[in-house]
Amino acid sequence: MQSPPLGADLEAAIERLPDAVLIADDERKYIYANPAACRLLGIDRSQLIGRTLGDFTVLEDDAVSGAWRAFLLSGVQTGSFRLRRPDGVVRDAEFSAVANIRPGIHISFLRDVTEQKRAVEALAESERLAKEAEAALCLSERRYRSVMEQSPLSMQVFAPTGETLSVNRAWCSLWGADAGQLRGYNILQDQQLIDRGLMVYVQRAFAGETQELPPVSYRPPSGIYQGQEIWVRAVMYPIKDDAGRVCEVVLIHENITEIERQQTERAAQADELARSNAELQRFAYVASHDLKEPMRNVTIFAQLLDRRYRTKLDSDAISYIDEIIRSAKRMSEMIAGLLEYSRIGLQRDLVLKEVDMRDLLSHALENLKLSIAQTGAAIDIGPLPRISCAPLEIVQLWQNLVGNAIKYGGDPPSIDISAEADHAEWIFAVRDQGIGIAPHLHQKIFELFKRLHARDYPGTGLGLTICKAIVERHHGRIWVESEEGKGATFRFTLPK
């Protein structure tokens, strides 16, 4: 079995994901596929490895190549396409893809939406037919009866007193009965409708109001669905005479059993995906937490070795010890950052308080006091509003963004902080005059462990990832506006 090139720790979780996961190299060739991907594409893993997207799509190769180049350029791509399996079956799929999760390694997440798409199309067609039926009711009696009889929707017509006047063939097919079996049936006295709390809709329809009844389930006693649970959605249309009096009420049933099944399956898939995501978050938290002490010991013992034996070792050995200490410290920083990132993801509900944003910013600047003093950073702060938020998380957000501006903002750094109102949200900005960021990297800098200047500047590559997580937990957005060598402006929104 080919393991995903993401590290052994995530392999088991990826293998259990309900959605397809495919990993490709720069040549578009798949180097890993989880079981869900094999099921979706209808092919064994051993046969799938080494093949490309072009082998499973109805698109021409030029279109696939163009889409691949655009994907590598943007770094992130979402959309939908039609895939053709080796057995000739065509399916509709939605995908999300991220390029260069490691150099030359690209990951895609696929979901089969064929049935959902068919259900939506079927619902649209049913609604179209229902509208046609409604329009037909305004025609002459002869044409009205003809349309009713030919309609694929179950239709039942009642007198103003509630007795059944007629039913169409679709009704007989759905319920396994005929008009003769309805003698003496009065919908206004139907105990089952009363027990289900639906009689209020029926009474309103007979009073002259069009009524859409909520979906309900039945088990027809006969017919093609005998003993099976089916879901139906019903609409009642009152037909009025020239004087405005209700002369008939038409009840239209639509069999939505397949739609209900699809919705149930989608809900179950969403629950499973949420559970898988929670497991991954817990794994990251536990793993980073448990790694703290071993890395601390590595650092301590490397420093002890350096102090005791530096004068007795040659230059190569000393350089090795220095590298161990540097690497251990960097790993400790990364573990601390990952622990913080996981903590944010594991928190379920935000405890919101109304606070002055200037107070939260002041708290963050106090934490950055040493960096500000060492670099001589000049920070200009405009008017800031009061907002409802989780204060500690927003302090960390300010601290990460301003700390970033200090680090990359020039010598000495010059930083402007501002806020402006926009409809239902506030837009905050942190602007520097530093080295800037090339446009094609604007999305990548928010990815986990993504560092653009690793050799020249300290850090773990988690600061902006944490910022993104905090903002999104507050139902906001974060982005950067920048060009290389022209400074950068980080903007984020928070609800009013």
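**View 1. Helix H15 and the histidine that comes after it.** Histidine 475, with a positive phi near 60 degrees, follows helix H15. Helices (H or I, at least four residues) and strands (E, at least two) are DSSP runs, numbered from the N terminus. This is a predicted model, where local features need pLDDT of at least 70 and side-chain atom pairs count only at pLDDT 80 or more, while totals for chains, interfaces and linings use all residues. Residues are numbered from 1 along each chain as its sequence is written, and side-chain values use heavy atoms, leaving out hydrogens and water. H15 covers residues 463-473, and eight of its 11 residues are buried, so the rest of the structure largely encloses it. Buried means under 20% relative accessible area, exposed over 50%, and partly exposed in between (1.4 Å probe, protein chains only). The buried residues of H15 are Leu464, Thr465, Ile466, Cys467, Ala469, Ile470, Val471 and Arg473.

**View 2. The whole protein, for orientation.** Step back, and you'll find 15 helices and 17 strands. Of the 496 residues, 42% count as buried. Take the contacts (heavy atoms within 4.5 Å) between residues at least 6 apart in sequence: 56% of them join residues at least 24 apart.

**View 3. The largest nonpolar core.** A nonpolar core is a set of buried Ala, Val, Leu, Ile, Met, Phe, Trp, Tyr and Cys residues joined through side-chain atoms within 4.5 Å. The largest one here has 41 residues, and the members touching the most others are Met357, Ile394, Trp398, Leu401, Phe490 and Phe492. At least two residues each come from H12, strand E13 (386-389), H14, strand E14 (414-422), strand E15 (425-432), H15, strand E16 (478-482) and strand E17 (488-495). H14 gives the most, with eight residues. Zoom in on phenylalanine 492: leaving aside residues up to four places away in sequence, it touches Leu397, Trp398, Leu401, Trp426, Ile427, Phe428, Val471, Arg477 and Ile478. Another core, of 23 residues, lies apart from the largest one and includes Trp171, Ile187, Leu193 and Leu251.

**View 4. Where helix H12 crosses helix H14.** The axes of H12 (residues 357-367) and H14 (residues 391-408) come within 8 Å and cross at roughly 55 degrees. Axes are lines fitted to C-alpha atoms, for helices over the stretch in contact, with angles running from 0 to 180 degrees between N-to-C directions. The two helices are therefore oblique to each other. On the H12 side, Met357, Leu360, Leu361, His363, Ala364, Leu365 and Asn367 meet Pro391, Ile394, Val395, Trp398, Gln399 and Val402 of H14. Sorted by class, this contact has 10 nonpolar, three polar and no charged residues. (Ala, Val, Leu, Ile, Met, Phe, Trp, Tyr, Cys and Pro count as nonpolar, Asp, Glu, Lys and Arg as charged, and the others, Gly among them, as polar.) Oblique is what remains once angles under 35 degrees count as roughly parallel, over 145 as roughly antiparallel and 65 to 115 as roughly perpendicular.

**View 5. Aspartate 356 in strand E11.** Aspartate 356 lies in strand E11 (residues 353-356). The residue is partly exposed, at a relative accessible area of 22%. Not counting residues up to four places away in sequence, aspartate 356 touches Leu384, Pro385 and Arg386.

**View 6. Valine 58 in a loop.** Look between helix H3 (45-48) and helix H4 (61-74) and you'll find valine 58 in the loop. Valine 58 is partly exposed, with 34% relative accessible area. Beyond residues up to four places away in sequence, valine 58 touches Arg82 and Arg84.
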